[in-house]
Amino acid sequence: MAPAPLLQTSAPAPPSFPQKAFMDVSENYDGQYRFAPIQESQVSRAMIKRYFETMYDRAVSDVVIIGAGSAGLTCAYHLASTRPDLKVTIIEANVAPGGGAWLGGQLMSPMIIRKPADAFLRELDVPYEDEGPFVVVKHAALFTSTLLSAVLKLPNVVLMNATAVEDLIIHEDFAGKQRVAGVVTNWTLVALNHDTQSCMDPNTITAPIIVSATGHDGPMGAFSAKRLVSAGLLKELGNMRGLDMNRAEPAIVNNTRQVAPGLVMTGMELSEHDGSNRMGPTFGAMIGSGIKAAKEAIRAYDAAKIVDGKVVG
């Protein structure tokens, strides 16, 4: 799905080089490696053109996913591969996507995934060792990098990392109810420095469905759950309970749902919203919850009448 082009301007023509110069490259590692010639301005224009065309196109998205951790990325993969007609935009505050899924528990590398979530590993072709009720991926980064690569290869997915969601767009809908109708964004370095500079206003993305996967409480965690409280759409946070793997994982998957009109919640953010247990270093629920969030997002999208990103019926 190609982004909508920006209005055409009379940009300067790219610098010309002799045709021979483009061919005068060499992948010779014995001291004769040569690159094709380039102008610094070409690099800038190539990045700027694509980045801002993407921002222009995704100002109205079909689904916005807040957070590119294991639940958010799983949701994005299932959603975008199931529905290639939908524009799926992922917003991630960190420079590096992946959330806490680059390592297992206590900074150790193996990743534990309880069955039946191991089926997703086979879908992604991630190898593992079978330990009976659970499987072990030799390094969490193998799972996360494979999933991230699979997500970014999908043509209808855009990832905006180093970008923070500062607020939710909340409108009164066609029935007079408060509905989450998009997100308010800013570059993360700006969002972290509002107290040190004068006003630095944000940007917005309109979307009929938002999936929040911001994790449990932390520097930017449980963002949407906390904002629902301050916006009056949720009376109070449930607050995450103590660790209990056997109670926590099914609760997270089974309670993945639309928690407010237009807002589906997934992953560990649900533990803060609902007051369910934490699960510790086991990731099966993140996979299961991400897949269920995609299904819930599709169901909500298909049930709505949408015009230019807004639900009108």
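Which residues of H3 are buried? The legends below begin with that helix. This is a predicted model, in which local features need pLDDT of at least 70 and side-chain atom pairs count only at pLDDT 80 or more, while totals for chains, interfaces and linings use all residues. Residues are numbered from 1 along each chain as its sequence is written, and side-chain values use heavy atoms, with hydrogens and water left out.

**View 1. Helix H3 is largely enclosed by the rest of the structure.** The buried residues here are Ser 70, Ala 71, Gly 72, Leu 73, Thr 74, Cys 75, Ala 76, Tyr 77, His 78, Leu 79 and Ala 80. That makes 11 of the 13 residues of H3. Buried means under 20% relative accessible area, exposed means over 50%, and partly exposed is in between (1.4 Å probe, protein chains only). H3 covers residues 70–82 and reaches 18 Å from its first C-alpha to its last, close to the 18 Å expected at 1.5 Å a residue. The expected span is 1.5 Å times one less than the number of residues in the helix. Helices (H or I, at least four residues) and strands (E, at least two) are DSSP runs, numbered from the N terminus.

**View 2. Ile 48, Tyr 51, Phe 52 and Trp 187 form a nonpolar surface patch.** Together these residues have about 400 Å² of accessible area, computed by the Shrake-Rupley method with a 1.4 Å probe and, for residues, only the protein chains shown as cover. Patches are made of residues with over 30% relative accessible area and no salt bridge; like charges are joined within 9 Å, and nonpolar side chains (Val, Leu, Ile, Met, Phe, Trp, Tyr) within 5 Å. Helix H2 (residues 40–57) gives the most, with 3 residues. Trp 187 belongs to strand S8 (residues 178–187) and is partly exposed at 44%.

**View 3. Thr 188 is buried, whereas Cys 199 is exposed.** Thr 188 sits in helix H6 (residues 188–191) and has a relative accessible area of 9%. Leaving aside residues up to four places away in sequence, Thr 188 touches Ala 93, Ala 162, Thr 163, Ala 164 and Met 220; contact means heavy atoms within 4.5 Å. Cys 199 lies in the loop between H6 and strand S9 (203–206), with a relative accessible area of 65%. An unreviewed UniProt entry places "modified residue: 2,3-didehydroalanine (Cys)" at Cys 199. UniProt positions are given in the numbering used here, feature names are shortened, and annotations may be inferred rather than shown by experiment.

**View 4. Arg 227 and Asp 167 form a salt bridge.** Their closest N and O atoms are 2.5 Å apart, and a salt bridge is a side-chain nitrogen of Lys or Arg within 4 Å of a carboxyl oxygen of Asp or Glu. Arg 227 lies in helix H7 and Asp 167 in strand S7, so the pair ties together parts that are 60 residues apart in sequence. Arg 227 is partly exposed at 24%, and Asp 167 is partly exposed at 22%. Elsewhere, salt bridges that share partners join Asp 57, Arg 58 and Lys 87 into one network.

**View 5. A cis peptide bond joins Lys 115 and Pro 116.** Omega is about 15 degrees, and Pro 116 lies in the loop between strand S3 (111–114) and helix H4 (118–124). Most peptide bonds are trans.
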